[in-house]
Amino acid sequence: MNSQFSLLVRVALGITLVVFGSNKFLHFIPLPPPTGAAADFMNSLGATGYIFPIVGILEVCIGVLLLLKKWIAFALILLAPISINILLFHLFLDIPGVSAALLVAALNGILMYKHWKQYTPLFM
């Protein structure tokens with residue numbers, strides 16, 4: 001369970017989540033603005049005033065849990081709907097950014113597979 005590979009995946013995902021989650025508040029990484037339907041969708045979410053701060057807080061918290069190796073299975077369950085939504089957003093509205101979305105979803109999936117024994121009580 002504590003192989004070098006799973007350590008690398010956990011740390012890479014944790015750093016990614018902390019960096020991009022905190023970027024929702026601090027705006028230190030300039031991201032290209034979305035266009036077309038993706039822009040309309042992002043503007044609608046931004047107009048609510050709460051979606052992006054909540055997602056940013058969740059991403060940072062999940063990333064910190066992964067980096068500190070605390071409650072990993074819980075953190076991955078919290079991340080699952082976020083990573084699925086990131087992936088679906090890029091598949092349907094912003095295909096050029098799908099590679100990063102695939103990476104986050106794949107890393108989440110790999111770690112969930114590594115910790116599957118902790119999830120089995122949920123299905124019994």
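Phe92 sits in helix H4; helices are DSSP runs of H or I with at least four residues, numbered from the N terminus. Phe92 is exposed, at a relative accessible area of 66%. Exposed means over 50%, buried under 20%, and partly exposed in between, with a 1.4 Å probe and protein chains only.

This is a predicted model, where local features need pLDDT of at least 70, side-chain atom pairs count only at pLDDT 80 or more, and totals for chains, interfaces and linings use all residues. Residues are numbered from 1 along each chain as its sequence is written, and side-chain values use heavy atoms, leaving out hydrogens and water.

**Surface patch**

Phe92 belongs to a nonpolar surface patch with Phe41, Ile84, Leu88, Leu91, Leu93 and Ile95. Together they have about 670 Å² of accessible area, computed by the Shrake-Rupley method with a 1.4 Å probe. Patch residues have over 30% relative accessible area and no salt bridge; nonpolar side chains are joined within 5 Å. Helix H4 (residues 72–92) gives the most, with 4 residues.

**The Lys24–Glu59 pair**

By the rule used here, the count is 1 salt bridge: a side-chain nitrogen of Lys or Arg within 4 Å of a carboxyl oxygen of Asp or Glu. The side chains of Lys24 and Glu59 form it, at 3.1 Å from N to O. The pair links distant parts of the chain, 35 residues apart. Side chains of opposite charge can pair when their charged atoms come close.

Glu59 has another polar partner. A polar atom of its side chain lies 3.4 Å from the backbone nitrogen of Gly21. Glu59 also touches Leu17, Val18, Phe20, Gly21, Lys24, Ile82 and Ile86, leaving aside residues up to four places away in sequence. Contact means heavy atoms within 4.5 Å.

**Nonpolar core**

The largest nonpolar core has 18 residues. Such a core is a set of buried Ala, Val, Leu, Ile, Met, Phe, Trp, Tyr and Cys residues joined through side-chain atoms within 4.5 Å. Leu13, Leu17, Ile62, Leu66, Leu76 and Leu79 have the most contacts inside it. H1, H3, H4 and helix H5 (98–114) each supply at least two residues. H4 provides the largest share, 7 residues. Leu79 touches Leu13, Leu17, Ile62 and Asn108, again without residues up to four places away in sequence. In soluble globular proteins, nonpolar side chains tend to be buried together.

Definitions and conventions. Patches are made of residues with over 30% relative accessible area and no salt bridge: like charges are joined within 9 Å, nonpolar side chains (Val, Leu, Ile, Met, Phe, Trp, Tyr) within 5 Å. A polar contact is a pair of N or O atoms within 3.5 Å; within protein, one must be able to donate a hydrogen and the other to accept it, and residues adjacent in sequence count only if both atoms are side-chain atoms.
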